[in-house]
Amino acid sequence: MSDESVDATDAHLRGIIDEYMGAFEPDPEESVALRERIFQIVREDAALAPATKLTTEHGNPFRISTAEVRGIVRRAVDAVPGIRARSVTATPTGDPEGSAVDITLTVAMRAGTVFVPAAEEVRGSVADALTAELGIPAMRIDITVEDVFAAEEAADG
Amino acid sequence: MAYDEGMSRGDDRFDVVTLVVRAREGDIASFEALVDEYERKLLRFAWRTLGDRQDAEDVVQDTLVKAWKSLDALTEPAAFGTWIYRMASNRCTDVLRRRTSRPSDASDPEELGHHVDGAVSVERSVEARTALEHFSEILKTLSSEQRVTWVLHQMEGLSYSEVAETLGISEGSVRGRIHRARTAIAEGMEGWV
């Protein structure tokens, strides 16, 4: 079969191809069970994730999901206008170990945001959140801006 | 890459890189935003490729669960879309290969008819469904690789270079597979169009 006749048949097939595509267009309502199955496995897997060992101000050790610690930090960072948290590392420190944490984080920053005051606001927000939610002070908070996003991408003002 | 565009539609606040970085550190909400963006697209692609809803759902589930568990292996977070389409394509190819040795009733004509727009008139529908059923049978005769490649290009709208990147093969191989698939379809549909 020549290329020309393949092209001609291809064009004539357009209607059938469109109909085939339409026949296999998933209805979002019918995907609910699939989504549930996926997230059941994801949640079970997440429950096996590592924990961070910390110590209360009275010297009592406790463990908390590392993802939860990161979540506390991310929410605090995201609350600062123009800043979005990306990677978060929380390292137990202090004496006894775990009575404080060192935080290392990477962020994306909205174009036009002035870094130094924004970074101070991030540090304050993160330190307050860790104290309020875990009762643990942050000894050190290192921030690296790894990306800048355009103002129109932000829905948070 | 086509799949990596428009991520902001799936989540108003975060771009795909931010979501991937957060998800691989265990943030389920970020992974959920990624799933919101890609689940339906992947299901459509797998369903069109395999012609069977249950097999397509299995492919999507396997793909997204594997993505969650192996996000650390993704060195370039911006390429998340390409990465999961490649995983889904590989799984579709595996399913099609298994079918070659164990024929199934995928692309059941009843299933095809069930999903076609109900507004189509009965008379036209009978004729169209016959051509549609035949077309579906022709697709089954393509090799696994040809079928996956043809669906990515013809139905998902990817360019040759995008298909090549997705499948990890050369653009020349993509062109060859699509040409052979188109020829086989055109020959198989002779007299029907």
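How many salt bridges does the rule count over all chains? In this predicted model, the count over all chains comes to 29 salt bridges. Of the contact between chain A and chain B, the count is 11 salt bridges.

Chain A brings 44 residues to the contact, and chain B brings 55 residues. Between them the two chains bury about 5,000 Å², with 60% of this area on carbon and sulfur atoms. On the side of chain A, Glu19(A), Tyr20(A) and Phe24(A) supply 15% of the area that chain A buries against chain B, more than any other three residues.

Polar pairing also runs across this interface. The rule finds 18 residue pairs in polar contact between chain A and chain B, both residues being at pLDDT 80 or more. Four elements of chain A give two or more residues to the side that touches chain B: helix H1 (3–23), helix H2 (32–47), helix H3 (66–78) and strand S3 (83–93). H1(A) gives the most, with 15 residues. Sorted by class, this side of chain A has 21 nonpolar, 5 polar and 18 charged residues.

Two salt bridges can be followed in detail. Side chains of opposite charge can pair when their charged atoms come close. Arg86(A) pairs in this way with Asp15(B), and the closest N and O atoms are 3.0 Å apart. Glu25(B) forms a salt bridge with Arg70(A), where the closest N and O atoms are 3.7 Å apart. This second pair crosses between chains: Glu25(B) sits in the loop between helix H2 (16–23) and helix H3 (28–50) of chain B, while Arg70(A) belongs to helix H3 of chain A.

Most peptide bonds are trans. The bond that joins Asp95(A) and Pro96(A), however, is cis, with omega about 5 degrees. Pro96(A) is found in the loop between S3 and S4 of chain A, and Ser99(A) has its place in the loop between S3 and strand S4 (100–110).

What does the side chain of Ser99(A) reach at 2.7 Å? At that distance lies the backbone oxygen of Pro96(A). A polar atom of the Ser99(A) side chain also lies 3.4 Å from the backbone nitrogen of Asp95(A). Leaving aside residues up to four places away in sequence, Ser99(A) touches Thr55(A), Thr93(A), Gly94(A), Ile136(A) and Pro137(A).

Chain A also carries a nonpolar patch on its surface. Phe115(A), Val116(A), Val145(A) and Val148(A) make this patch, which covers about 320 Å². Helix H4 (115–134) and strand S5 (138–149) of chain A each supply at least two of its residues. Val148(A), for one, lies in strand S5.

Note on methods. Residues numbered from 1 in each chain as written. Chains lettered and ligands numbered in written order. Predicted model: local features only at pLDDT ≥ 70, side-chain atom pairs only at ≥ 80, totals over all residues. Heavy atoms only, no water. Contact = heavy atoms within 4.5 Å. Buried area = accessible area lost by both parts, 1.4 Å probe. Salt bridge = Lys/Arg side-chain N within 4 Å of Asp/Glu carboxyl O. Polar contact = N/O pair within 3.5 Å; in protein donor to acceptor, adjacent residues only side chain to side chain. Nonpolar A, V, L, I, M, F, W, Y, C, P; charged D, E, K, R; others polar. Patch = residues over 30% accessible without salt bridge, like charges linked within 9 Å, V, L, I, M, F, W, Y side chains within 5 Å. Areas by Shrake-Rupley, 256 points an atom, 1.4 Å probe, with all protein chains shown as cover.
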